[in-house]
Amino acid sequence: MSLLVEMQGIEKRFPGVYCLKGVGFELRSGEVHALMGENGAGKSTLMKILSGVYQRDDGTVKIDGSLVEFNGPKDAQDAGVGIIHQELSLMNDLTVAQNVFIGREPRSFLGIINEKKLNLQAQEIFQKMNFDLDPTTEVSQLTVAKQQMIEIAKALSYKSRILIMDEPTAALNDAEIAELFTIIESLKSEGVGIIYISHKMDEIKKIADRVTVMRDGEYIDTVEAKDTPLSKIISMMVGREVKDENVDIPDLSSSPELLRVKGLSRGKEIQDVSFSLKKGEILGFAGLMGAGRTEVARAIFGADPFDSGEIWVNGKYCAISTPSDAVAAGIGYLSEDRKHFGLALGMDVRANISMATLGRFTNSCGVLKEADMEQIANDYIEQLAIRTPSDTQEVGFLSGGNQQKVVIAKWLLRDCDILIFDEPTRGIDVGAKAEIYKLLEALAKQGKAIIVISSELPEVMRLSHRIAVMCQGKLTGILPGGKATTQEQIMALATQ
Amino acid sequence: MTTESQTTSPSLISKLIKMTAHQRVLAFASLVILLVFFSVTSPNFMQMSNMLAILQATSVNGVLAVAATLVIITGGIDLSVGTLMTFTAVVAGILLTNLNLPLPVGVLGAILAGAFCGFCSGSFVAKMKIPPFIATLGMMLILKGLSLVLSGARPIYFNNTEGYDAISRGSLIGEVLPFLPIPNGVLILFVVAGVASYVLSKTVLGRYCFGIGSNEEAVRLSGVNTDRWKIAIYAVAGGICGIAGILISSRLNSAQPALGLGYELEAIAAVVIGGTSLSGGRGSIIGTLIGALIVAVLTNGLRVLSVAQEWQTVITGIIIILAVYADMMRRQKSK
Amino acid sequence: MTTESQTTSPSLISKLIKMTAHQRVLAFASLVILLVFFSVTSPNFMQMSNMLAILQATSVNGVLAVAATLVIITGGIDLSVGTLMTFTAVVAGILLTNLNLPLPVGVLGAILAGAFCGFCSGSFVAKMKIPPFIATLGMMLILKGLSLVLSGARPIYFNNTEGYDAISRGSLIGEVLPFLPIPNGVLILFVVAGVASYVLSKTVLGRYCFGIGSNEEAVRLSGVNTDRWKIAIYAVAGGICGIAGILISSRLNSAQPALGLGYELEAIAAVVIGGTSLSGGRGSIIGTLIGALIVAVLTNGLRVLSVAQEWQTVITGIIIILAVYADMMRRQKSK
Amino acid sequence: DDQLYIPLVSKGFQHQFWQAVKQGADQAAEEFDVRVTFEGPDTEAQVDRQIDMLAAALANKPAAIGFAALDSQAAIPLLRKAQKAGIPVVAFDSGVASDIPLTTATTDNVAASALAADKMAGLIGNKGQVAVIAHSQTGTTGIDRRDGFLNRMKAAYPNIEVVTVQYGDGDQLKSTEVARAVLTSYPNLVGMFGTNEGSAVGVVNAVRESNVKNLVVIGFDSGQAQMDAIRSGLMAGAITQNPVGIGYETVKAAVMALKGQSLPKVIDTGFYYYTAKNIDDPKIAAVLYK
Ligand SMILES: Nc1ncnc2c1ncn2[C@@H]1O[C@H](COP(=O)(O)OP(=O)(O)OP(=O)(O)O)[C@@H](O)[C@H]1O
Ligand SMILES: Nc1ncnc2c1ncn2[C@@H]1O[C@H](COP(=O)(O)OP(=O)(O)OP(=O)(O)O)[C@@H](O)[C@H]1O
Ligand SMILES: [Mg+2]
Ligand SMILES: [Mg+2]
């Protein structure tokens with residue numbers, strides 16, 4: 001197998017952040033090379049350098065053995081490097097097909113676009129991916145998961161020899177992940193080299209040939225995937241052992257009910273959803289992409305209107321029509337889409353953490369108590385190990401996983417009685433994930449009621465005291481948590 | 001984007017309702033309501049000559065609004081459309097009257113001058129990373145001054161150039177269909193709008209307009225040279241302003257160097273009333289045309305009703321807000 | 001946001017360079033360059049009386065720009081600041097001259113009228129979901145008309161009200177320090193700017209200003225009633241325009257009902273020159289003040305140099321572009 | 001250089017009327033060997049801008065100042081300052097409500113448009129509907145010319161009805177649009193009066209575009225388009241002031257004041273009614289600008 005990529009001594013600094021400290025990396029043709037590391041280790045930055053988005057401060061990049069210099073993404077594309085970015089970067093107002101082929105539209109004389117051909121080409125790619133989507137749908141109408149699939153389709157359409165996938169599965173469900181893996185296999189056989197970044201450890205065993213681990217902007221080691229146990233990789237990443245116990249389900253029979261949802265409905269998206277949640281309970285929501293879990297959560301939170309149904313909090317009927325009603329009633333909601341709904345990217349870490357709780361940090365004249373906010377922000381930065389130069393760093397400059405932690409901190413600080421976490425560990429590294437699990441359990445023990453929506457079945461099963469399964473807008477069943485339920489039982493309800 | 005009819009019996013009426021409920025048709029609703037209202041309240045409103053006056057009044061502002069639409073869809077703004085129009089009119093005046101060149105040279109010169117100024121604004125925005133508001137505000141001031149300098153601060157009359165005033169005032173349609181003497185200015189507006197609409201929806205330039213307005217970084221990351229395209233879009237918009245310059249100077253048979261200030265707000269208003277978002281990524285030329293027509297009908301109607309001028313302004317303000325509100329409701333429902 | 005010094009020996013000079021290289025200080029660079037340039041080229045520029053004239057000229061536009069800054073930081077725009085100022089001046093005139101009420105009533109009335117209009121614009125934006133451009137454009141037209149209606153289209157003079165003109169023209173500072181007769185109007189500008197700056201950086205209102213501008217949906221989903229805050233912000237901006245109305249009418253000793261049109265662009269220009277982004281989420285009052293001063297110094301300096309008026313406009317356009325360009329470069333470097 | 005410096009702060013700049021005033025001022029500057037600058041705000045509503053201009057002019061320590069006040073009171077404090085510094089002030093176009101200006105070079109706008117009313121009445125046989133397209137609702141010239149016409153009609157011609165006054169801001173295009181709407185709403189109109197060049201040309205454009213016949217149009221000021229319209233008969237006639245003369249007299253008065261010569265309280269530069277017949281008379285032609 002020939003060497004496709006050879007990166008040596010790559011250095012990169014941002015203001016206040018020494019991000020890459022002489023990192024090396026190599027990729028052979030026909031291999032899947034996993035790049036692992038904690039949040040903020042520098043994985044995405046390294047890949048952005050390889051794909052021409054950032055310019056390196058020092059070091060060399062060779063492709064096919066010859067030195068290259070990329071001045072922009074176009075140069076990298078021309079050299080055969082394709083990338084799926086960690087953060088979605090789509091044009092929301094354009095259609096799916098228009099997004100996939102932006103810059104490469106089939107055009108005739110005078111730049112007139114052949115829209116039919118464009119849609120056909122997109123259709124072809126989707127078919128290859130076994131992905132059912134009308135190419136003329138506007139991207140803004142799609143869920144994050146589908147948008148992620150479009151990013152993948154877009155990267156595939158370049159037919160690159162070097163394909164970088166930066167957390168492609170963070171928003172995907174098992175079915176789509178399986179689909180993606182078949183695609184990866186066939187690309188491998190065509191001799192494409194794939195760099196794969198993910199925080200889902202089980203995936204590494206499934207598809208990676210080699211694994212390179214980074215920590216704190218430094219290169220640690222490269223190992224063969226099949227010879228190395230996961231625990232070894234994890235300890236290389238984190239620098240210590242990570243232990244995660246199994247769930248122990250508390251006895252909640254005498255616990256009072258905090259939340260009751262009765263007959264919640266809206267069109268086809270939410271159909272007559274009813275359930276209840278006790279103090280101290282963690283209720284997991286499982287389901288396939290588009291099952292309607294997010295819709296239910298947003299409706300309860302007042303983010304979207306619903307047609308009919310009632311929400312009872314603490315035994316009292318609650319008329320919720322806006323998020324501020326919901327928060328006043330003690331409900332918090334962590335959105336699955338941090339970029340659009342979770343964070344003010346242009347503001348600093350401190351401001352984002354305190355955004356839902358400003359009332360607590362103001363005096364009677366509306367003047368903010370900055371010192372208190374700084375204190376609290378730093379507490380959470382420490383508690384959640386948020387990697388940031390300071391609490392006044394703009395959130396937009398943090399790595400994806402660290403951004404997610406900031407949103408979590410915001411809701412932890414708000415201290416709601418009922419917390420709805422939609423994909424809380426999306427993009428979060430193993431070590432931190434275990435920390436967050438422990439945190440959720442501790443919160444439940446303190447008497448909070450928690451809903452966790454997750455597309456990772458193991459996560460739902462690991463955390464939940466009960467598991468609600470949704471399918472096409474309906475709640476198809478509620479299963480007991482812990483060892484009592486198998487993946488197969490959940491899948492059966494999710495695909496009714 | 002479909003709306004479901006409430007009735008169960010598929011009667012003709014329900015079908016009609018269904019048809020008119022269709023998004024595109026409803027966009028005209030405010031316009032139609034205004035037309036009906038003025039027709040009822042004033043017997044003089046609904047005459048051919050007044051309709052032509054309204055269309056004529058739309059022509060210049062409409063063309064400027066088309067230019068502004070392109071730039072606004074990219075997420076930018078063009079404050080220089082009004083003075084750019086004036087500047088190109090002065091250029092045409094110099095070419096035709098002072099230098100006595102033939103008519104096509106003057107027309108082409110004005111359009112090229114417009115495109116060049118647009119090219120400059122575009123370069124300020126794309127290459128120097130100056131916010132469009134400032135780049136085009138600066139351009140507006142520069143052109144305002146240059147128009148006065150070039151013309152010696154006096155109007156340039158096109159008396160030497162045979163047929164110059166026919167560009168806007170003549171009526172090719174009227175020669176063929178004498179009962180429909182639509183002035184050429186209006187015809188040109190519709191041609192410009194038609195071409196722009198085609199370019200926006202069917203060509204690469206249009207695609208990048210929407211793409212850049214929607215998420216410039218994403219387009220750039222896809223390997224498109226967004227800077228170059230942005231410059232191209234501003235240049236095209238500038239060229240269209242050149243056409244507006246020809247139209248207005250032909251209608252006034254002179255290049256008036258002091259005119260044009262304040263026209264930018266009116267053009268942008270037409271664009272936004274037409275449903276194009278100032279944050280970019282969304283918009284249509286047909287919407288802009290409707291927006292320009294709404295403004296023109298409203299202005300004309302209130303004048304024909306002889307409403308006192310100060311109240312005209314008040315009512316215009318209220319109706320613009322209501323029209324856009326109606327449009328927002330319609331869009332929300334059709335979702 | 002730190003800049004690393006290139007020199008290794010920590011000499012005094014390198015320290016000084018480091019200090020001036022600091023972001024905040026450099027923001028003044030364009031302003032200082034202009035001041036130095038005009039001082040060198042014209043002996044009459046750097047006189048106390050001319051400096052005061054510049055400050056006086058900044059006062060009204062500065063206050064309007066402060067109001068516009070608040071709205072722009074939320075990602076909105078306020079086109080009504082100019083006519084709102086006029087409207088509040090007319091309200092003050094009616095209260096003080098026509099109704100002969102005492103001075104504080106007139107001042108308070110003007111500010112409340114401004115806040116009420118801002119409240120209306122804010123409600124259009126927040127509750128009716130009308131784009132800020134249209135909501136405030138409508139408001140601008142409504143107020144333009146109403147000012148004429150209320151005043152009977154003629155100026156209202158404040159000759160009955162003892163001391164009204166001292167609000168802007170008098171000099172409290174001058175009474176204490178006779179060599180520094182800074183007019184009260186300028187003092188008021190700095191007080192307004194100081195308070196606004198404090199509110200923006202230290203209070204909930206300010207925090208939500210930035211939050212809404214940065215990502216309104218994220219703030220709403222944090223359980224904040226963004227609609228109510230948006231309305232509050234527009235109302236505060238309207239109240240500030242009321243202060244501008246008092247300032248200008250006191251300076252002219254009359255409420256001029258036709259004034260104010262076009263002032264919105266100038267105010268917004270000052271805001272954008274000062275580095276506030278029209279897409280919201282970023283900005284500062286100090287920047288806006290610098291922006292307003294740059295415009296005022298430039299205008300005054302070119303006049304004092306007796307540059308022909310048409311060239312004044314051209315040069316102003318060029319320098320505004322260059323000043324913003326320099327600012328962009330500075331920010332890029334300091335990153 | 002040791003030329004005397006006399007800045008003129010005017011009511012406007014770009015419009016032809018003010019350019020003609022500037023032209024007269026430049027003529028005088030050459031003749032008396034002084035340096036003249038000429039400035040004015042964009043619109044006649046911008047009272048405060050004009051005051052900023054006056055302040056900048058004073059900063060330059062001028063020998064004398066020419067000033068056409070947009071508001072008769074607003075500039076008084078600055079003028080007092082000029083007086084204190086011994087800078088003579090000459091008002092032009094319209095007066096200042098104060099005795100600081102040594103003289104005012106102006107014409108009577110009210111009387112001028114009353115003359116327009118008389119001419120209009122004569123041409124339409126003292127009866128019928130007429131309309132006014134004015135250039136400003138709040139500026140002094142706009143008000144004077146409008147009211148001069150209206151009051152004269154009301155006082156002297158009971159059978160003539162002025163049906164509407166609409167404003168086109170002196171912008172040719174807008175005035176055209178406004179005049180067309182007026183023609184639509186009043187089909188029986190027999191006469192129209194445009195109160196400045198832009199308004200008058202707008203009326204002419206509207207008449208031409210809507211093919212109205214037998215409408216008596218009377219204009220104000222001059223300019224190529226208006227003169228052409230008079231020659232071709234589209235416009236019956238127009239009132240002209242002597243803007244070039246206003247500019248000339250202003251500078252001349254300032255120079256005389258500096259030499260210590262006494263000045264009359266008002267320098268009336270006069271106004272004329274011109275038609276196709278007398279447009280080429282040397283006396284008329286001298287006061288028309290193209
Ligand atoms: N544009 C930037 N400006 C400042 N700091 C940056 C910028 N981009 C990245 N960083 C910092 O560089 C470090 C590495 O970020 P990077 O995105 O490469 O991490 P990552 O390994 O991809 O993490 P994750 O798993 O969370 O995606 C982080 O500390 C981040 O805050
Ligand atoms: N903005 C939107 N416009 C139109 N349809 C939407 C929108 N958002 C979601 N949907 C549709 O609503 C349905 C439910 O989506 P939702 O996001 O609630 O699913 P989910 O169970 O949370 O799955 P996941 O989050 O894994 O995608 C899907 O069919 C989806 O396509
Ligand atoms: Mg990353
Ligand atoms: Mg979801």
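Let's look closely at chain B: among its contacts between residues at least 6 apart in sequence, what percentage join residues at least 24 apart?

Modeller: It's 74% of those contacts in chain B, where a contact means heavy atoms within 4.5 Å. Before we go on, remember that this is a predicted model, where local features need pLDDT of at least 70 and side-chain atom pairs count only at pLDDT 80 or more, while totals for chains, interfaces and linings use all residues. As for bookkeeping, residues are numbered from 1 along each chain as its sequence is written, chains are lettered from A and ligands numbered from 1 in the order in which they are written, and side-chain values use heavy atoms, with hydrogens and water left out.

Now for the rest of chain B. Its secondary structure is 15 helices and two strands; these are DSSP runs numbered from the N terminus, with helices being H or I of at least four residues and strands being E of at least two. Chain B has a radius of gyration of 21 Å, close to the 20 Å from the globule rule for 335 residues, so it is as compact as a globular protein of that length. That radius is taken over C-alpha atoms, and the rule is 2.2 Å times the number of residues to the power 0.38.

What about inside and outside? Of the 335 residues in chain B, 60% are buried (under 20% relative accessible area; exposed is over 50%, and partly exposed is in between, using a 1.4 Å probe and protein chains only). The accessible surface of chain B is about 12,600 Å², and 69% of that belongs to carbon and sulfur atoms. Such areas come from the Shrake-Rupley method with a 1.4 Å probe, and for residues only the protein chains shown count as cover. Chain B also carries 20 positive and 12 negative charges, whose mean positions are 8 Å apart. Here Lys and Arg are positive, Asp and Glu negative, and His and the chain ends are not counted; each charge is placed at NZ of Lys, CZ of Arg, CG of Asp or CD of Glu.

Chain B has neighbours, too. Five pairs of chains are in contact, and chains B and C share the most contacts of them. Chain B also meets chain D: D:T176 touches B:R251 and B:L252, as well as D:G202, D:N205, D:A206 and D:E209, leaving aside residues up to four places away in sequence. D:T176 sits in helix α6 of chain D, residues 172–185, and is buried, with a relative accessible area of 0%. In contrast, no contact joins chains A and D, whose closest C-alpha atoms lie 37 Å apart.

Let's set chain A alongside. Its secondary structure comes to 17 helices and 20 strands. Its radius of gyration is 23 Å, which agrees with the value near 23 Å for a compact globule of 496 residues. Buried residues make up 60% of those 496. In chain A, 67% of contacts with a separation of 6 or more are between residues 24 or more positions apart. Chain A exposes about 19,200 Å², with carbon and sulfur atoms supplying 49%. The 55 positive and 69 negative side chains of chain A have centres that lie 1 Å apart.

Chain A supplies the protein donors for two magnesium ions as well. A:T294 lies in helix α9 and A:E336 in the loop between β16 and α11, so the pair ties together parts 42 residues apart in sequence. A:T294 and A:E336 are buried. For ligand 3, they are A:S44 (OG) and A:Q86 (OE1), at 1.9 to 2.0 Å. Donors are N, O and S atoms within 2.8 Å of the metal (3.2 Å for Na, K and Ca), and sites may look incomplete because water is not among the atoms. A:S44 is buried at 17% relative accessibility, and A:Q86 is buried at 16%.
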